[in-house]
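Let's take a walk through this structure together, from the overall layout down to single residues. Please keep the model open beside you as you read.

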Amino acid sequence: MTPDTAHREEAAQEQVDLDNEQTPVDRALFEEPPAEPPFARAVHMTPLHLLISAESRTNRWTEWNGYTVPDVLTDLGDEYRALRGAAVLADHSPLVKTRISGRDATDYLQRLVTRDISSLAVHAAIPVIFCEGTGLVLGDGILFRLGDEEYRLVTEETHLAWMTESALGFRVRIEDVSATLATLSLQGPLSAACLRDAGVRGVETLAPFASCWADIGGMPVYVSRTGASGDLGYELWADAEDAPHLWRRLMGKGLSHGLRPAGFALRELARLEAGLPRAGRDYLSAFAAVLSSDAATPFELWPAPAISMDKPVLNGGRALRRLIGERPRRRLVALVAEGLEPVTLSTVLSGTRPAGTATTAGFSPALGANIALALVEASALDGPLSVTGRLREGLSTREHVLPARVMGEPAWKTARGRAFPVAFGL
């Protein structure tokens, strides 16, 4: 390398007179390079990330399926009041979307999921569970029928490798379309009015778990009456490039109805009040559980899981048939703890003995109490329960033992979630 082609840093080092103690030395030469340069970490963004980041007033972010999403955009209390009194719009694009198509798509899914899907109509959806060979739950989700030979399975976690392996012998194509399909969740009692003003015709006649194609501002959008809020709500499935324009149109048309943007924390709070378990949080997939005791059967996670034992072929069917008459060793239940201030709930106690764990917990504005989804030993449910809670006060932490009881119904359950919006004056 000649002097005229040498790097500037190398040329500077050559000019330093090492024998002269008075020569100024660049301190940067003695600094260790950082393990990771500032801002070098990549942010995995959804199609709506840049648009929604402009809405953030808190700079609170969280990770969801590898994506960086807003946790709270303005204030959780304000977002909750909008959800229960008006409407909220959120980015749920990190959900895993798998397309199943082909001549054998129905037969393949009939074996894969626990419930009978033979009567599932086009543009309808149902909640499904799928298990491995010993009857342990791999995951759950919503199955949409898009056509005679086309379905979409929406889950919390990816199951692409297992689904592809299970398709051996079937004339079916399985594709992960998560990156090309954005998901906007519009939830709340005025969500139908927001969609009507945005140009969705006949939204007031859309039944729960029904779907339809709509033209919103010249963009083709698949609208489904689904969601995890426990209330009236819709999900909009659109091409990634259309998602920002769709968001702006919905926010503009919904402004008069009190529509507000919301983050991931509100989704978790609404899901908790609705009593809906989440894979990876309230239960572990059988393939992800390190200990066999961490995996669960459908009878442990849902009070009445949708399982069709009449199907001739069902993945894990033999094991599930044996489990029908047995009492589960534990149950996922909704608990409410006594106390008027928010605390962090953790261990469920039967007397003084640990009998379970609170998997998702939070303070429910609907009940004005601490609630939790908890995996509890079935034998302990026959007696009194309590739950430990930590309360932070200044620089110290106090631990409380709060009496708890199993809730008979979810903390939030309204007729709006099952009725047509026209019944409420839309």
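The secondary structure of the protein chain comes to ten helices and 19 strands, where helices (H or I, at least four residues) and strands (E, at least two) are DSSP runs, numbered from the N terminus. A word on the ground rules: this is a predicted model, in which local features need pLDDT of at least 70 and side-chain atom pairs count only at pLDDT 80 or more, while totals for chains, interfaces and linings use all residues. Residues are numbered from 1 along each chain as its sequence is written, and side-chain values use heavy atoms, with hydrogens and water left out.

Let's begin with the chain as a whole. Of its 426 residues, 49% count as buried; buried means under 20% relative accessible area, exposed means over 50%, and partly exposed lies in between (1.4 Å probe, protein chains only). The protein chain exposes about 21,500 Å², and carbon and sulfur atoms supply 53% of that area. Accessible areas come from the Shrake-Rupley method with a 1.4 Å probe, and for residues only the protein chains shown count as cover. Among contacts (heavy atoms within 4.5 Å) between residues at least 6 apart in sequence, 68% join residues at least 24 apart.

Now to the inside. In soluble globular proteins, nonpolar side chains tend to be buried together. A nonpolar core here is a set of buried Ala, Val, Leu, Ile, Met, Phe, Trp, Tyr and Cys residues joined through side-chain atoms within 4.5 Å. The largest one has 32 residues, and Leu184, Leu195, Leu236 and Leu246 touch the most other members. Two or more residues each come from α2 (49–53), β3 (87–91), β9 (181–187), α6 (191–198), β10 (211–216), β11 (219–224), β12 (233–239) and α7 (243–254). Helix α7 gives the largest share, five residues. For a close-up, pick Leu195: beyond its neighbours within four places in sequence, Leu195 is in contact with Leu186, Val200, Val203, Val223, Tyr234, Leu236 and Leu250. There is also a second, separate core of 24 residues, with Tyr151, Trp162, Ala286 and Ala289 among them.

Within its residues 76–85, Glu79, Tyr80, Ala82, Leu83 and Arg84 are buried. Their cover includes β2 (67–72), β3, β9, β13 (259–261) and α8 (264–274). At the start of α3, a side-chain oxygen of Asp75 comes to within 3.0 Å of the backbone nitrogen of Gly77.

His49 sits in α2 and counts as buried because its relative accessibility is 11%. Apart from neighbours within four places in sequence, His49 is in contact with Val43, Trp61 and Thr68. Val43 turns up again on the surface, where Val43, Met45 and Leu50 form a nonpolar patch with about 290 Å² of accessible area together. Met45 belongs to the loop between α1 (8–14) and α2, and its 40% relative accessibility makes it partly exposed.

Glu175 counts as partly exposed because its relative accessibility is 22%. Not counting residues up to four places away in sequence, Glu175 touches Lys97, Thr98, Arg99 and Ser101. Its side chain makes a polar contact with the side chain of Arg99 at 2.6 Å, and another with the side chain of Arg173 at 3.5 Å. A polar contact is a pair of N or O atoms within 3.5 Å; within protein, one must be able to donate a hydrogen and the other to accept it, and residues adjacent in sequence count only if both atoms are side-chain atoms.

Finally, two loops hold backbone angles worth a look. Asn59 has a positive phi of about 55° although it is not a glycine; Asn59 lies in the loop between α2 and β1 (60–64) and, at 61% relative accessibility, counts as exposed. His123 has a positive phi of about 65°, and it is not a glycine either. His123 is found in the loop between α4 (105–112) and β5 (124–131), and at 28% relative accessibility it counts as partly exposed.

Definitions and conventions:
Patch = residues over 30% accessible without salt bridge, like charges linked within 9 Å, V, L, I, M, F, W, Y side chains within 5 Å. Salt bridge = Lys/Arg side-chain N within 4 Å of Asp/Glu carboxyl O.
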